[in-house]
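Open the structure in your viewer and keep the selection tool at hand. The tour moves from stop to stop, with something to select at each one.

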Amino acid sequence: MSRTKRQWGGVAALAALALPLLAGCENDQQSVLDPVSHPARDIESLWWSMLAGAAVIFLGAVGLLGLAWIRRARKGMPVFGENERVARGFVVVFGILIPIVTLIALFTIGNIFVLPVTQAPAAGSTRLTVEVVGHQWWWEVRYPGTKAVTANEIHIPVSTRVLLVGRSADVIHSFWAPNLNRKIDVIPGRANRILLYSDRVGRFRGQCAEFCGLQHAHMGLYVYVEPRPKFDAWLQRMSKPAAAPSGSEAEQGRDLFTSMPCAGCHTIRGTSAAGRLGPDLTHVASRETLAALTIPNNRGYLASWIADPQHFKPGNRMPALHFEGSELEALAAYLEGLE
Amino acid sequence: MAIEAGTAARARIDRLERVWLEHPGVLGWLTTTDHKRIGILYFFTSLFFFAAGGVEALLIRSQLLVPNETLVSPGAFNQLFTMHGLTMIFLFVIPISTGAFGNYLLPLMIGARDMAFPRMNAFSFWAFLCSGIFIYTGLFMGNAPDAGWFNYVPLAGKQFSPGVNIDFYGLGLIFNSVSTTVAAINFIVTIFKLRAPGMSINRMPLFCFAFLAVSFALLFAMPPLNTALVFLELDRLAGFDFFNIGSGGAPLLWQHLFWLFGHPEVYIIILPAFGIATAIIPTFTRRRMVAFPLVALAEILVAFIGFGVWVHHMFAVGLATITMVYFAAASLIIVIPSAIQLFAWITTMVTGTPRFKTPLLWIVGFITFFIVGGLSGISFAVIPFDQQLTDTYFVVAHFHFVIFGAAVFPILGGMYYWFPKVTGRMYHEGVGQLSFWLTFFGTALTFFPMHILGLLGMPRREYTYPDGLGWQVYNVIETAGSYVLAAGLLLVAANLGVSLFRGRFAGNDPWGGDTLEWSTTSPPPPYNYPVIPVVTSPYPMWDLADREEDARRLERGELTLEGGHETLGSSVLDAEPDEVLEMPAESPWPILLALMLAGAFALVLTTHYGSALVFLGLAAVVLGAWHWKEPETA
């Protein structure tokens with residue numbers, strides 16, 4: 001990948017500073033330094049050029065301090081003699097003139113040329129919209145115009161401009177998938193917009209970036225960038241109601257789900273469960289993780305999550321209900337079938 | 001400058017000693033109005049809170065050492081990082097820089113015998129102490145504030161934070177800002193009205209310029225904070241809807257008000273450090289500050305422009321582009337006064353003959369870290385970059401380089417620099433240098449890798465993080481660094497603590513300092529100067545003839561003000577003597593007033609509003625007694 005290219009740029013910029021950064025790039029699914037879109041790439045370029053500039057300024061200033069060290073405790077006249085005008089001129093040049101020129105350049109590049117690239121897409125310039133609603137502490141994901149509702153994962157087609165509209169159901173959160181774009185706060189009472197785009201197929205990690213309470217640390221999501229046909233198939237599947245339970249154990253699980261308090265908080269489309277407090281579970285089995293990237297989604301974790309949700313994510317809104325072992329098995333069997 | 005005091009001078013000094021004598025023992029400390037004793041009280045109290053904030057920081061770092069660590073619970077972690085921020089900002093840096101350094105040194109530097117309002121000064125300390133205890137009571141009850149020092153609503157509203165945690169924050173900070181506001185007014189009046197004859201505003205030491213700028217900034221930054229806090233508590237305690245979206249309130253209103261206070265606050269934190277740096281550098285480079293007027297102007301400008309940049313904390317909330325671009329421009333403009341000061345310090349060092357004693361080493365560390373923190377700070381004025389990196393560890397790295405590296409290093413350097421003045425004894429130079437290097441490398445190790453973590457996507461304020469994102473190695477380095485840093489700070493404390501009893505005697509002026517405080521004895525007498533000095537330059541201690549003239553005036557009895565508890569008032573700009581001001585002596589009212597307010601705040605917290613009113617009534621009675629004309633003192 002572009003890792004090698006970056007390596008050369010980094011070495012040229014400042015080896016000592018850049019090397020640890022590169023070591024960190026081994027896992028780059030949630031990184032500013034592995035951009036997959038035009039806006040994220042522009043921001044990354046801003047970073048490397050600012051780092052290069054900063055390195056020059058830092059080394060220059062520390063070099064002057066080194067000069068003072070070399071001249072320490074020297075007797076006799078100071079370097080410029082008693083001529084204060086030279087010393088003051090030095091302050092004017094380095095403290096006023098050079099900063100003004102540098103800052104104007106930085107302002108022009110960053111806030112006039114790059115800024116429009118990272119702004120929300122113009123109205124009507126996108127064909128696909130994803131609506132993301134922040135909850136304490138998970139992400140609700142909707143595709144307006146379809147019935148698809150899911151949680152903690154967003155699927156988008158590759159090389160397609162997607163409008164992301166962010167809202168909040170409770171407190172302020174911030175949607176951030178750094179490989180794709182900068183972050184945007186989701187604030188109750190507001191709808192904030194951002195462009196979601198990737199020219200590379202893959203799975204990218206995102207996370208809530210604004211402190212939102214007890215489990216702020218466990219509010220992750222995945223963005224899956226897929227070829228168009230695969231995405232279309234996914235969206236079609238998500239729009240359908242839930243699969244019917246296969247087998248008697250799963251049937252028992254469905255009946256438990258709809259008759260127990262589960263249905264008060266969760267929706268499973270195609271059944272009587274229509275709660276709105278927790279994630280929509282219509283296709284829960286198709287997801288890779290549970291509880292917003294807290295634990296993997298498999299039968300074992302699913303059953304232990306239902307048995308004691310407070311163990312993995314203390315403070316989350318799901319209460320522990322007391323199920324018999326066989327009831328747990330039945331619930332897990334049912335949910336596991338909801339592909 | 002050893003001029004033997006003649007018999008006439010001796011007699012005058014004896015009389016001053018009698019007039020300015022305060023109660024011995026604990027009672028004297030409780031009722032004191034001596035700015036130096038109040039400064040010492042501030043010093044030890046804020047150091048105590050520094051230690052508490054430091055322990056909180058070490059717990060945070062230990063919890064983040066490895067992924068999925070369970071050393072502290074999520075709830076405890078949120079209380080710890082909130083208390084760490086609150087403590088370091090409101091209970092350590094501001095009180096130690098203004099309360100301790102400002103209080104102790106400012107009257108000395110301008111040749112005054114006390115602050116303009118000595119009892120208000122005492123009240124300011126006791127209110128600060130009570131507010132600190134108030135806020136920490138929450139922690140000891142297990143109910144400390146837990147929504148971050150920025151305390152965003154609606155998370156901090158009653159609906160999502162029903163406990164008393166946030167009320168400790170809201171009421172505690174209102175109480176705390178009473179203390180800060182009173183102190184700011186006191187500094188402004190002291191600087192404007194109590195300067196020694198001849199110390200016109202252009203001859204005032206740069207240290208005093210920094211404190212003047214800070215005091216004005218405090219005076220104007222506190223009202224937006226208090227407005228926000230009163231709105232918050234009305235929402236929480238009385239069911240108002242300032243921030244309640246369902247009733248037409250606005251969560252973003254809190255952010256605007258908070259950062260309208262919060263960003264000037266950053267400069268309030270750093271400006272005293274600039275002042276300390278400009279006091280230490282000339283002494284140890286044997287050279288006048290380069291570009292003195294530019295530096296004075298820059299100090300004032302930083303405080304002023306600091307009020308126009310707050311929205312750069314809010315670039316990710318979805319504001320209009322034009323709004324953001326304006327605040328980005330202002331945030332870049334404020335770089336220039338900082339750059340002026342930076343290059344003035346560096347040029348002074350390069351063109352002087354520096355002696356790298358411990359105090360100057362801390363200033364070198366300060367300059368180094370200020371450049372790092374300043375440069376990363378500039379990047380937040382580039383809106384797209386800010387929107388990408390805000391709320392990540394990159395920001396944590398940035399403001400720790402500024403607030404710890406740049407604001408606390410001069411405070412530590414200042415402790416070494418003025419230690420001989422305050423205690424009369426010298427610290428151990430070798431241990432001093434070792435303590436600097438430990439702290440320096442500890443700071444770099446703790447905070448530098450945080451830049452990288454931010455770029456690798458680690459958000460702030462999370463109590464744990466998953467494995468496999470490449471974050472662990474940097475977290476390990478940081479946690480190790482934080483222990484090195486703590487060791488360095490403990491060494492500073494050990495050095496100064498032992499030297500307090502074992503250090504060799506320092507004499508009046510061990511450094512050949514340039515400002516007036518070095519002309520009096522170490523420690524200074526309660527009246528500071530037996531004769532009010534007359535000043536002809538910003539470097540009065542380097543004008544030997546002037547100081548010899550002071551000694552002769554003492555002999556003659558000119559400007560000795562020995563008739564009572566007095567100091568000299570002078571005109572605002574030219575410092576021409578105006579009047580002799582009678583200063584109040586020690587008083588029980590300031591501490592009583594603070595206690596009454598503490599009672600009132602505690603009762604509001606527990607929603608006993610009737611009893612709270614009783615305490616407010618008692619506070620009014622105390623104020624009445626305070627303003628009762630005191631009998632003339634001897």
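Which residue forms a salt bridge with Glu210(A)? Select Arg461(B): its closest N and O atoms to Glu210(A) are 3.2 Å apart. Keep in mind that this is a predicted model.

The pair crosses between chains. Arg461(B) sits in the loop between helix H15 (429–455) and helix H16 (472–502) of chain B. Glu210(A) sits in the loop between strand S9 (202–207) and strand S10 (220–226) of chain A. Arg461(B) has 11% relative accessibility, so it counts as buried. Glu210(A) is buried too, at 3%.

Next, select Arg269(A) and Asp280(A). Their side chains meet in a salt bridge, 3.5 Å from N to O. Both lie in the loop between helix H6 (262–265) and strand S11 (289–290), so the pair ties together parts 11 residues apart in sequence. Arg269(A) is buried at 15% relative accessibility, and Asp280(A) is buried at 9%.

Move on to Arg299(A) and Glu329(A). This salt bridge has its closest N and O atoms 3.2 Å apart. Arg299(A) is in helix H7 (residues 299–307) and Glu329(A) in helix H9 (residues 325–336), so the link spans parts 30 residues apart in sequence. Arg299(A) is partly exposed at 28%; Glu329(A) is partly exposed at 37%.

Over all chains, the structure holds 28 salt bridges.

Methods:
Residues numbered from 1 in each chain as written. Chains lettered and ligands numbered in written order. Predicted model: local features only at pLDDT ≥ 70, side-chain atom pairs only at ≥ 80, totals over all residues. Heavy atoms only, no water. Salt bridge = Lys/Arg side-chain N within 4 Å of Asp/Glu carboxyl O. Helix = DSSP H or I, 4+ residues; strand = E, 2+ residues; numbered from the N terminus. Buried < 20%, exposed > 50% of the residue type's maximum accessible area, 1.4 Å probe, protein only.
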